[in-house]
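Subject: Structure handover

Hello,

Here is the structure you asked for. Please open it and keep it in view while you read the rest of this email.

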Amino acid sequence: MMIALRGLSGRLSTLLSLSLLSVGCATSHAQGSSTPVKAPAPTSASLEAQEADAVFTDHRFQDGTVLPEVRIHYATLGTPRRDASGAVTNAVLLLHWTSASGAVLRTQPFQEALFAPGRPLDATKYLLIFPDSVGHGRSSKPSDGLRTRFPAYGYRDMVELQHRLVTQTLGIQRLHAIVGLSMGGMNAWQWSELYPDTVKGVMPIVSLPTRIAGRNLLWRRFVSGQIRGDPEWKDGFYTAQPRGWLEAFPVFRMMLDGVPHLQATLPDAQAADAFIATARAQAASMDANDILYALEASRDYDPEGALGDIQARVFALNFSDDEFNPVSLRTLETLMPRVKRGHFVVQEGHANSFGHFTQAHPALWADQVAAFLKLLDEE
């Protein structure tokens with residue numbers, strides 16, 4: 001489960017190396033600190049993160065299950081700045097997409113486009129926080145051993161544990177901003193409603209402020225059904241990855257990409273077969289239970305009813321070639337007027353963008369992050 005994001009080439013071989021998985025990092029672990037974690041100031045040549053684990057004992061999930069210990073792995077870049085009262089004023093929480101991890105957001109493309117000196121989220125100016133959400137990366141997850149005895153966590157559980165990390169472990173009572181991608185974007189919407197006084201601004205990317213339905217829901221149910229319905233799944237206690245998961249992932253992977261990009265990069269049967277073969281190889285490196293839990297965690301996501309209660313500045317970013325969040329539905333046009341201080345952009349897709357997975361190519365949308373931060377600075 002260690003496939004890295006390297007470079008921004010539009011060629012098929014590079015595209016298919018982009019995975020939904022966490023990127024492995026060999027680091028030392030520190031247990032649940034109660035004070036903000038400091039990291040060395042980055043240089044243009046190297047941005048080094050400090051990594052640790054926060055451990056929460058006897059944590060109760062929304063389904064009523066209590067785990068003796070829940071581990072949330074996280075990393076930080078940058079150094080906290082404080083006001084006269086000692087409160088941290090420059091913390092930005094970055095939230096990853098489904099089945100990824102915070103490590104994906106610290107790879108070279110993100111560093112160069114977002115975190116290097118002079119870039120929008122310059123780590124010499126901000127304290128950047130990268131958690132692995134529960135069920136993902138190096139945080140507690142089904143594949144650690146509990147398998148289907150793991151709590152049936154939802155997105156609200158993710159956000160609650162992110163909040164405990166920020167406020168209890170890092171001692172930060174108010175975030176300057178949250179930038180979330182896909183699932184992380186949905187988490188950002190939830191943060192702004194569940195903890196309205198704890199964040200100044202949120203930037204949900206490739207997500208919508210309404211329950212998951214239609215194509216997005218069908219895709220999730222199809223993949224879950226292929227896993228649960230496979231005889232080799234054995235109620236989650238399989239000895240090899242179920243074939244149903246291996247067969248489902250090429251569809252999973254196709255749905256992430258943009259129609260113009262696939263049209264340009266898959267001109268014939270040979271290219272399409274290569275896409276499928278590479279996707280199957282990627283699926284074999286993932287754990288089906290972790291994927292199943294991550295997809296089904298969206299069951300409790302529905303922020304639409306409380307949009308009028310959001311106090312934070314909201315800057316939503318979607319892409320016109322994102323088939324998960326089709327612009328033809330005009331969801332943002334309909335719902336964003338309910339957000340008191342809401343703003344949205346639908347960035348035009350093209351043959352060199354990647355649909356929903358444009359999120360993994362931050363050079364294509366870094367200017368939108370700069371625009372978001374400028375709005376916050378003007379307040």
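Predicted model: local features only at pLDDT ≥ 70, side-chain atom pairs only at ≥ 80, totals over all residues.

A search of the whole structure finds 15 aromatic pairs.

Start with Trp219 and Phe252. Their ring centres are 4.9 Å apart. Their planes meet at 70°, and an angle over 60 degrees counts as edge-to-face, so this pair is edge-to-face. The pair links distant parts of the chain. Trp219 is in helix H5, residues 214-228. Phe252 is in helix H6, residues 243-256.

Are Trp219 and Phe252 buried or exposed? Both are buried. Phe252 has a relative accessible area of 1%. Buried means under 20%, so Phe252 qualifies.

Phe252 also pairs with Trp245. Here the rings are 5.9 Å apart, centre to centre. The angle between the planes is 80°, and this pair is edge-to-face too. Trp245 has a relative accessibility of 0%, so Trp245 counts as buried.

Now put these rings together. Which residues do the ring pairs link into a cluster? They are Trp219, Trp245, Phe249, Phe252 and Phe324.

Arg106 lies over the face of Phe130, 5.7 Å from the ring centre. Arg147 has its charged end over the ring of Tyr238. The distance to the centre of that Tyr238 ring is 5.4 Å.

Best wishes

Terms used. Residues numbered from 1 in each chain as written. Heavy atoms only, no water. Phe/Tyr/Trp six-rings, centres within 6.5 Å; stacked < 30°, edge-to-face > 60°. Helix = DSSP H or I, 4+ residues; strand = E, 2+ residues; numbered from the N terminus. Buried < 20%, exposed > 50% of the residue type's maximum accessible area, 1.4 Å probe, protein only. Lys NZ or Arg CZ within 6 Å of the ring centre and 35° of its normal.
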